[in-house]
Amino acid sequence: MNLQKLNFAIQHYKAFLKSNPRHDPYWKWESLKIFQENWDVETLDFRSMYDRCLQNSQTRRLWKRENYEPKDMMLKFIGLNSEFVRSMFQDLFNENKEVDGRIDRFVFHCDELLREYKETHPRSVENSHFHDDNYQMVSHYLAFRYPELYALYDFEAFRRLMELLGSRDVPKVNDVGRYFKVMRTVYKFLEKDGAVLEIHRQRLDPGKHFQGETLLVAEDFIRVITN
């Protein structure tokens with residue numbers, strides 16, 4: 001990654017923010033705040049807690065859109081075996097283990113639950129749990145549980161970013177672990193600039209949006225400069 005190109009991209013992003021006061025990715029900050037306020041892996045009613053964690057007053061696009069319903073499928077899994085799903089999330093959020101392994105195990109267990117669900121619901125048309133392949137939903141859980149460490153994942157945006165920044169090793173397949181590392185590096189440079197984070201802070205509503213450190217800023221940076 002060429003740091004000169006990264007700094008140039010940050011200047012471009014800062015200029016974009018200043019000239020586009022209506023730029024509004026902050027519905028993601030709202031969902032992050034809701035997740036942070038509601039997540040409790042030890043709660044007795046795990047299904048209701050999970051449902052409360054994934055809410056938004058504007059849109060459901062992070063977990064429900066055409067041919068993409070990971071939240072609905074996870075709710076079915078919880079109805080099937082809530083304690084097993086609880087243990088899946090406990091493992092996914094265990095920072096004492098490598099993130100790539102945690103993600104792989106989470107997806108593997110989703111595969112197992114999907115097979116079990118189809119066996120117990122033979123007439124069901126469900127054929128995907130939506131947590132594999134693009135890893136978007138798994139990254140969602142991680143980014144909302146530990147917003148300073150993880151970011152929402154989009155492979156194509158990641159690939160375009162690495163091309164734009166002159167990487168000698170542009171990813172050809174999913175590499176979510178590397179993506180998280182790159183996002184943390186990008187955030188450090190955005191933080192060093194200072195003005196970028198301040199623009200975002202001024203646009204956040206304390207009563208509605210998450211106020212702490214979050215790589216949602218880095219994710220927004222990628223979306224702007226790669227489009």
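I am working from a predicted model.

**Entry 1: helix α8**

I started with the extent of α8. Helix α8 runs over residues 176-193, which makes 18 residues. I looked up its reach from first C-alpha to last and found 26 Å. That is close to the 26 Å expected at 1.5 Å a residue. I then looked just past the end of the helix. There Gly194 takes a positive phi of about 85°.

**Entry 2: the buried side of α8**

Which residues of α8 are buried? I listed Val176, Gly177, Arg178, Tyr179, Phe180, Val182, Met183, Val186, Tyr187, Phe189 and Leu190.

**Entry 3: α8 against α9**

The axes of α8 and α9 come within 5 Å and cross at roughly 85°. Angles of 65 to 115 degrees count as roughly perpendicular. The two helices, α8 and α9, are therefore roughly perpendicular to each other. From α8, the contact uses Tyr187, Leu190, Glu191 and Asp193. From α9, it uses Ala195, Val196 and Leu197.

**Entry 4: Tyr179**

I zoomed in on Tyr179, which sits in α8. Its relative accessible area is 2%, so Tyr179 is buried. I left aside neighbours within four places in sequence and looked for contacts. Tyr179 is in contact with Ala151, Leu152, Tyr153, Asp154, Phe158, Glu219 and Ile222. I also checked Tyr179 against Phe155. They are 24 residues apart in sequence, and their C-alpha atoms are 8.5 Å apart in space.

**Entry 5: Met183 and the core**

I turned to the largest nonpolar core, which has 79 residues. Which residues have the most contacts inside it? They are Met74, Phe89, Met183 and Phe221. I followed Met183, as it is also on my list of buried residues in α8. Leaving aside neighbours within four places in sequence, I found Met183 in contact with Ala151, Leu161, Leu215, Ala218, Glu219 and Ile222.

**Entry 6: the cysteines**

How many disulfides does the structure hold? I found 0. Cys53 is in no disulfide, and its nearest cysteine sulfur, in Cys110, is 16 Å away. The cut-off I needed here is 2.5 Å between the sulfur atoms. I noted burial too. Cys53 counts as buried at 1% relative accessibility. Cys110 counts as buried at 0%.

I ended on α2, residues 27-38, where I found Lys28. Is Lys28 buried or exposed? Its relative accessible area is 8%, so Lys28 is buried. Not counting residues up to four places away in sequence, Lys28 touches Phe144, Leu152, Leu216, Glu219 and Arg223.

Buried means under 20% relative accessible area. Lys33 has 17%, so Lys33 is buried. With the sequence neighbours up to four places away not counted, Lys33 touches Pro206, Gly207, Lys208, His209 and Phe210. I took Lys208 for a distance check. Lys33 and Lys208 are 175 residues apart in sequence, yet 7.4 Å apart in space, C-alpha to C-alpha.

Notes. Residues numbered from 1 in each chain as written. Predicted model: local features only at pLDDT ≥ 70, side-chain atom pairs only at ≥ 80, totals over all residues. Heavy atoms only, no water. Helix = DSSP H or I, 4+ residues; strand = E, 2+ residues; numbered from the N terminus. Expected span 1.5 Å × (residues − 1). Buried < 20%, exposed > 50% of the residue type's maximum accessible area, 1.4 Å probe, protein only. Core = buried A, V, L, I, M, F, W, Y, C linked by side-chain atoms within 4.5 Å. Contact = heavy atoms within 4.5 Å. Axes fitted to C-alpha atoms, helices over the stretch in contact; angles between N-to-C directions. Parallel < 35°, antiparallel > 145°, perpendicular 65-115°, else oblique.
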